[in-house]
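Open the structure in your viewer and keep the sequence beside it. The tour below goes from one selection to the next and says what is there.

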Amino acid sequence: MHAPVLVLKDSLKRESGSRVHHANIQASKAVADIIRTTLGPRSMLKMLLDAAGGIVVTNDGNAILRELDLAHPAAKSMIELSRTQDEEVGDGTTSVIVLAGEMLHVAEAFIDKNYHPTVICRAYNKALEDAVAVLDKIAMPIDVNDRAKMLGLVKSCIGTKFTSQFGDLIADLAIDATTTVGVDLGQGLREVDIKKYIKVEKVPGGQLEDSKVLSGVMFNKDVVAPGKMRRKIVNPRIILLDSPLEYKKGENQTNAELVREEDWGLLLKLEEEYIENLCMQILKFKPDLVITEKGLSDLACHYLSKAGVSAIRRLRKTDNNRIAKACGATVVNRPDELQESDVGTGAGLFEVKKIGDEFFSFIVECKDPKACTVLLRGASKDLLNEVERNLQDAMSVARNIIKNPKLVPGGGATELTVSATLKQKSQSIEGIEKWPYEAAAIAFEAIPRTLAQNCGVNVIRTMTALQGKHANGENAWIGIDGSTGAIADMKECKIWDAYNVKAQTFKTAIEAASMLLRIDDIVSGIKKKQAPGASQAPSQPTIEQEGDADNEQMIPE
């Protein structure tokens, strides 16, 4: 008998074959179960403690999974799913996980029967193509300018969220904001850049009903010299700079030896003249408001306030871009290059208001703003964070509709139609792939089933009734009314979903399920090579990258 050969190191763990499949499926199901209860209007909230000890209260699938720290690799890839979903379409983060979990769950039976994973994946991909075809069939086009329809749509998207009590309010905010910043690209395409041009300002205090979309922008800054400068200007002429209005220091350190005392006075005079020059170049255009991203020296401040110009300094770059979009100004890099066309005249009012205990500058009543600020008020920080997340979802849905104006029924109706059609088709499929294909069809029912569970109705009765209604792929619009659990016509209840959210959900879920099924080996415990003698190196302190700099932590002035 030969001695056994050790190929892998001792420290490595290797699992292979069906054990891996089972482990992956278990892990994915566990993830799906965590957020299963957050699907639908009757959803529960989750409270998470993050590493720093702060709390997050939410039922947004992505927000929950983002906070979880998981050990299992398969579970981690499930989390990636909801993240892609969030970045792509912004909604359906919960459904994607529930669906993927269910797809893997039904595959488990086939793996026990020694089906080959690629067979199952082939069947799944076939099912996916057919599912998208069904979506195309039942989708109905919508007129983007029909406000009532849009409202219904956005409302059904955030009906599942915490803010559904204020459903109309948030839906209104989202539609206002997205229609404001939409830019026509021609060929009937609209581009809506939520991230750049819609700023959500959260101000604790007041009531949620006080939230509004400003026809312009606001930012958390006051004028430089509050006593001397005007804090309310009607129809201001606005100049935006991103250069400092202070004496320019040399790039590298310079030493100047002064022999005569008068030279020192001369140097100071030069500095003053330089600044005066800068200010004069700006004042040529008779602005009422000068905003710069960099510093503004006392002297410059003096010249400006003498001319009756309000000035604001050290504004964030992103905010400056928004102001430029809102009032039609151009951000200028050097004061000597200013032209009349760079002055923004689109704003109707500049004023500084005190909200809570901070001063905010408003540039509002713009004529045709291409950027806006959503002002959220609310009782507590946690509440505001949750409202902001919901608003983000609502805006994404509004954006999706503007980009691709097609609707499919919500309330689990789409999934049931897809499921019924696939069941019919499975009869005509030859060979071994028939069974996994049929299983995929059944897996789609996870969504309406979960909805029914969360409403607390008799799941089995409701599901059989629904399946009966959908039997041959007809009655595409019958689904579950999420608040009562009754079976209803989604057209009448105005419960709709955006077509590309659904399509993306199906695609992401099935592709992920196929990927996880194809894994048949997990090798863990791969260590980085360390120099002998070097013990565990102390972990490096994290250094903020340039990318993080635009986040909320700004250096106070």
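Start by selecting L268, which counts as partly exposed because its relative accessibility is 38%; buried means under 20% relative accessible area, exposed over 50%, and partly exposed in between, with a 1.4 Å probe and protein chains only. L268 sits in helix α9, residues 261-283. Helices here are DSSP runs of H or I with at least four residues, strands are runs of E with at least two, and both are numbered from the N terminus.

Two notes on the model belong here. It is a predicted model, in which local features need pLDDT of at least 70 and side-chain atom pairs count only at pLDDT 80 or more, while totals for chains, interfaces and linings use all residues. Residues are numbered from 1 along each chain as its sequence is written, and side-chain values use heavy atoms, leaving out hydrogens and water.

**A pair of helices**

Next select residues 93-112, helix α4, and residues 446-455, helix α15. These helices pack at an angle of about 115°, with their axes 9 Å apart (axes are lines fitted to C-alpha atoms, for helices over the stretch in contact, and angles run from 0 to 180 degrees between N-to-C directions). Which residues make the contact? On α4 they are S95, V98, L99 and E102, and on α15 they are A446, I447, R449 and T450; contact means heavy atoms within 4.5 Å.

A salt bridge is a side-chain nitrogen of Lys or Arg within 4 Å of a carboxyl oxygen of Asp or Glu.

A search of the whole structure finds 25 salt bridges. Select E388 and K202, one of these pairs, with the closest N and O atoms 2.9 Å apart. E388 is in helix α12 (residues 381-403) and K202 in strand β7 (residues 198-204), so this pair ties together parts that are 186 residues apart in sequence. E388 is partly exposed, at a relative accessible area of 21%, and K202 is partly exposed as well, at 31%.

Move to K423 and E445, whose side chains meet in a salt bridge of 2.8 Å, N to O. K423 belongs to helix α13 (residues 413-426) and E445 to the loop between α14 (434-443) and α15, so parts 22 residues apart in sequence are tied together.

**Two backbone positions**

Most residues other than glycine have a negative phi. Select N114, in the loop between α4 and α5 (117-138). N114 is not a glycine, yet has a positive phi of about 60°. At 70% relative accessibility, N114 is exposed.

End at N235, in the loop between β10 (232-234) and β11 (238-241). N235 has a positive phi of about 45° and is not a glycine.
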